[in-house]
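Me: I'd like to learn how to read a structure like this one, feature by feature. Can you walk me through it?

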Amino acid sequence: MPKLGQEPVRRAALVAATVDEIGAAGSLDVTVGQIARRAGMSSALAHHYFGGKAQIFLAAMRHILSEYGDEVRAALRAAPEGARLEAVIAANFAQSCFRPEAVSAWLNFYVLAQRDAEAARLLRIYQRRLRSNLICGLRGRCAAPGAVAETLAALIDGVYLRAALDGGGIDGAAEQVMAAAQALMGDHR
């Protein structure tokens with residue numbers, strides 16, 4: 001008989017184990033059995049809670065996206081008046097976003113989104129929220145906030161990928177994107 005109240009604890013353990021296992025492998029080439037072992041439970045229990053590897057990975061990405069959202073909200077709360085754009089850009093380059101296992105999960109998430117409808121939906125949600133936050137921070141600072149936001153979102157993703165893949169770290173990444181934002185805002189006045 002299952003222990004009452006254990007489902008949320010076990011789900012969280014499986015999500016954390018999924019992120020760790022993908023980080024260790026560097027790809028989605030992991031099994032539910034490996035994830036379950038890392039979480040300290042049987043693969044049957046993992047299948048019971050999530051159904052399969054794709055569902056466990058999507059739950060892990062929802063968790064990573066939730067952590068990213070926490071970073072953005074914290075940066076916005078701490079930002080001085082009129083510095084929303086700077087806060088959003090800085091949150092995208094927070095140290096928590098560059099944990100090796102999170103980087104592996106993000107890279108694999110982009111690949112999965114090309115062939116999995118639910119992953120593509122989650123990616124669109126992330127992209128829309130980023131764009132919306134950027135537009136909000138750009139209002140009143142340039143004539144075409146939507147166009148500048150599109151370019152900045154692409155730049156954020158590109159700088160993130162470059163910083164994640166080249167091993168050079170994220171030092172100066174937010175400043176690099178902010179300098180580009182200043183130039184783009186000047187071009188769209």
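This is a predicted model: local features need pLDDT of at least 70, side-chain atom pairs count only at pLDDT 80 or more; totals for chains, interfaces and linings use all residues.

Me: Let's begin with A180: what is its relative accessible area?

Reply: Burial is read from relative accessible area: under 20% is buried, over 50% is exposed, and partly exposed is in between, using a 1.4 Å probe and protein chains only. A180 has a relative accessible area of 24%, so it is partly exposed. It lies in helix α9, residues 173-187.

Me: How many helices and strands does the protein have?

Reply: Both are DSSP runs numbered from the N terminus: helices are H or I with at least four residues, strands are E with at least two. Here you get nine helices and zero strands. The C-alpha trace spans about 65 × 35 × 30 Å along its principal axes, and 42% of the 189 residues count as buried.

Me: Where do I look for what covers a helix, say α6?

Reply: Look for contacts, meaning heavy atoms within 4.5 Å. The cover over the buried residues of α6 includes α1 (7-25), α4 (53-78), α7 (117-138) and α8 (145-166). Those buried residues are A102, V103, S104, A105, W106, N108, F109 and L112.

Me: N108 stands out to me. Is it buried or exposed?

Reply: N108 has a relative accessible area of 11%, so it is buried. Its side chain reaches the backbone nitrogen of L28 at 3.4 Å; a polar contact is a pair of N or O atoms within 3.5 Å where, within protein, one must be able to donate a hydrogen and the other to accept it, and residues adjacent in sequence count only if both atoms are side-chain atoms. Leaving aside neighbours within four places in sequence, N108 is in contact with I22, G26, S27, L28 and F57.

Me: Which residues touch the most other members of the largest nonpolar core?

Reply: A nonpolar core is a set of buried Ala, Val, Leu, Ile, Met, Phe, Trp, Tyr and Cys residues joined through side-chain atoms within 4.5 Å. The largest one has 63 residues, and L85, I89, F93, L134 and L152 touch the most other members. Its largest share, 10 residues, comes from α4. Setting aside neighbours within four places in sequence, L134 has contacts including L85, I89 and L152.

Me: And how many aromatic pairs are there?

Reply: You describe a pair of rings by the distance of the centres and the angle of the planes. Rings of Phe, Tyr and Trp (its six-membered ring) pair if their centres lie within 6.5 Å; planes under 30 degrees apart are stacked, over 60 edge-to-face, and the rest tilted. Searching the whole structure gives six pairs. F93 and F98 are stacked, at 6.4 Å centre to centre and 20° between the planes. F98 and Y160 are tilted, at 4.6 Å and 45°. F98 lies in the loop between α5 (84-91) and α6, and Y160 in helix α8, so this pair ties together parts 62 residues apart in sequence. Both F98 and Y160 are buried.

Key:
Residues are numbered from 1 along each chain as its sequence is written. Side-chain values use heavy atoms; hydrogens and water are left out.
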